[in-house]
Amino acid sequence: MPTHKYKVTLTKSKLIQNLLSKQSQMEEEDIEYAVKCVLSHMINALSEGRRIEIRGFGSMNLHHRPRRLSRNPKTGEPVYVPEKFMPHFKPGNELRIRVNNSKKD
């Protein structure tokens, strides 16, 4: 049965602080700018329909969800849900192996 002892949220500000603690020669503003630039480039690439691949970490692309008929949970009436594109993350081999090995402990 899975445990929740590994459930820790890494926010953007925590990521910046972690990087700052490991790269003490850098200014916080520089690290913050670098993180924001990376995330911005990733968002722009996905919004333009491009694929992102970070070797050892994983890849992200868009999955198309076609328009579908659903039901309003309150009234039960049929409702059409419009088509949409959803980001999809596929972990790389190194990430998958490290995560699985860490869960065995």
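Is Lys-36 buried, partly exposed or exposed? Lys-36 counts as partly exposed, because its relative accessibility is 42%. Bear in mind that this is a predicted model.

**Salt bridges**

Lys-36 pairs up with Glu-32 in a salt bridge. The two sit four residues apart in helix 2 (residues 28-47), so about one helical turn separates them. Glu-32 is partly exposed too, because its relative accessible area is 29%.

The count comes to four salt bridges.

| Pair | N to O distance |
|---|---|
| Lys-36 and Glu-32 | 3.2 Å |
| Glu-48 and Arg-50 | 2.8 Å |
| Glu-53 and Arg-55 | 2.8 Å |

Take the Glu-48 and Arg-50 pair. Glu-48 has 54% relative accessibility, so it counts as exposed, while Arg-50 is partly exposed at 46%.

Now for Glu-53 and Arg-55, whose side chains meet in a salt bridge. Glu-53 is partly exposed, with 42% relative accessibility, whereas Arg-55 comes out as exposed at 72%.

Strand 1 covers residues 52-54, and Ile-54 is found in it. Ile-54 has 37% relative accessibility, so it counts as partly exposed.

Technical notes. Residues numbered from 1 in each chain as written. Predicted model: local features only at pLDDT ≥ 70, side-chain atom pairs only at ≥ 80, totals over all residues. Heavy atoms only, no water. Buried < 20%, exposed > 50% of the residue type's maximum accessible area, 1.4 Å probe, protein only.
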